[in-house]
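Walk me through how the elements of this protein pack and pair.

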Amino acid sequence: MARILLGVSGGIAAYKACEVCRLFVKAGHEVVPLVTPGAERFVTAETFRALARRPAGDDVYLHLTRADLLVVAPCTANTLAKLAHGLADNVLTEAALAHRGPVLVAPAMNPRMWSHPATRANAEALRARGIVLIGPDEGETAEGELGVGRMVEPDEIVRAAEELLAGNSKLKGKRVLVSAGGTREPIDTVRFVGNRSSGRMGVALAAEARRRGAHVTLLGANLAVPAPLGVELVETPTAADLEREAIERDADVVVMAAAVADYRPALALAGKRPKDTAAWTVELEPTTDVLATLGASKRPGQILVGFAADEGEPGLARAREKLGRKNADLFVYNDVGRADIGFDSAANEVTILTAGGERAVPKAPKDEIAAAILDEVEKLIH
Ligand SMILES: Cc1cc2nc3c(=O)[nH]c(=O)nc-3n(C[C@H](O)[C@H](O)[C@H](O)COP(=O)(O)O)c2cc1C
């Protein structure tokens, strides 16, 4: 999931930008609409706020919003000229100067305006700066003229934006399977043996892989947070569910971030055991080690990532040993003995272990940790 600034300038194609906005939101991105006063003559900023599900309100620093990508669709001849020359006289052109990162521009104008030498020079100036121009297309314009000037269709703009977001990530187009959350093993129909995992780390990994252009399937075990949009969610509440679904799927990269129960009640009672004064002994049996199973059947080129939730230096040593024993390519160790990181926390601090060495990632929000982990995964992809 990425944050996208969607600049809309005052062309008749502004109504099509509503669809661009909707498709970005549907794909799981956060959209910040930047609507010029010229565009407001065609479509209101309110429409875009509603489509982008953004709260109403006046953010005076809206133009300084940091984002992964700026898309200008439609881009009028006027806005194109301003972008080429660095003018900053409305929220969109101000944001364009403040933005650092890729920019996608979809010009839309009358064919005579597009073919004017001034517009041609402005378009070239943008290209020379690394800005990606998409279109315009040839066809009949709204005013009934034939020629090159129509804005390319919204789905094409969204596809080009996804390409830019993925950049040259090695995960682009790869199938990534991520497990997240904590399994619950039934004792009877209402009680279970569970753990404190919220799923935040796995969900952050799924979102980051998606942002890098991967096709992501998320095996969610009782997630406390919503799955990112744009990823396929498969509910796997128990260790047996997770094992079945993980083994059934083929993926280029498998990231087992879920806290899968190591033990489950040997017998799950049918119905709810009524309360009485007698003690209740529940026998636990070991579950299948899903990671080791996947490691044993790993195909050449497949990358397997395991997580070790353990405590202190002895835990780190156990994670090193597991890396080889479970035939994983990368292990992420996090110290669950600390209250400020790990389980059910927004931050984490991990050590990434591979055969080639170790990388300590200092305490950071889980989305940054996810990016660091996937950077290391990408180094393993040939
Ligand atoms: C009905 C109508 C349609 C227009 N369509 C376009 C267009 O498609 N492309 C364009 O470059 N300008 C178009 N214009 C002119 C722009 O609205 C005008 O240049 C305006 O200043 C653009 O402001 P902005 O770039 O700040 O949004 C149109 C004007 C009108 C009245």
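Helix 8 (residues 200-211) crosses helix 12 (residues 366-380) in a right-handed sense. A crossing is right-handed if the near helix is turned clockwise from the far one by less than a right angle, and left-handed if anticlockwise. This is a predicted model: local features need pLDDT of at least 70, side-chain atom pairs count only at pLDDT 80 or more, and totals for chains, interfaces and linings use all residues. Numbering starts from 1 along each chain as its sequence is written, and side-chain values use heavy atoms, without hydrogens or water.

The two helices pack at about 60 degrees, their axes 8 Å apart. Axes are lines fitted to C-alpha atoms over the stretch in contact, with angles from 0 to 180 degrees between N-to-C directions. Helices (H or I, at least four residues) and strands (E, at least two) are DSSP runs, numbered from the N terminus.

Helix 8 touches helix 12 (heavy atoms within 4.5 Å) through residues including Met-201 and Leu-205, which face a set including Ile-369 and Leu-374.

Now the strands. Strand 18 (residues 347-354) has seven of its eight residues buried, so the rest of the structure largely encloses this strand. Buried means under 20% relative accessible area, with a 1.4 Å probe and protein chains only. Strand 18 pairs antiparallel with strand 17 (residues 330-335) over five bridges; pairing needs at least two DSSP bridges. Leu-330 stands opposite Thr-354 of strand 18.

Strand 18 also pairs antiparallel with strand 19 (residues 357-365), over seven bridges. Leu-353 has Glu-358 as its bridge partner there. A two-residue hairpin joins strand 18 to strand 19.

Definitions and conventions:
Buried means under 20% relative accessible area, exposed over 50%, partly exposed in between (1.4 Å probe, protein chains only).
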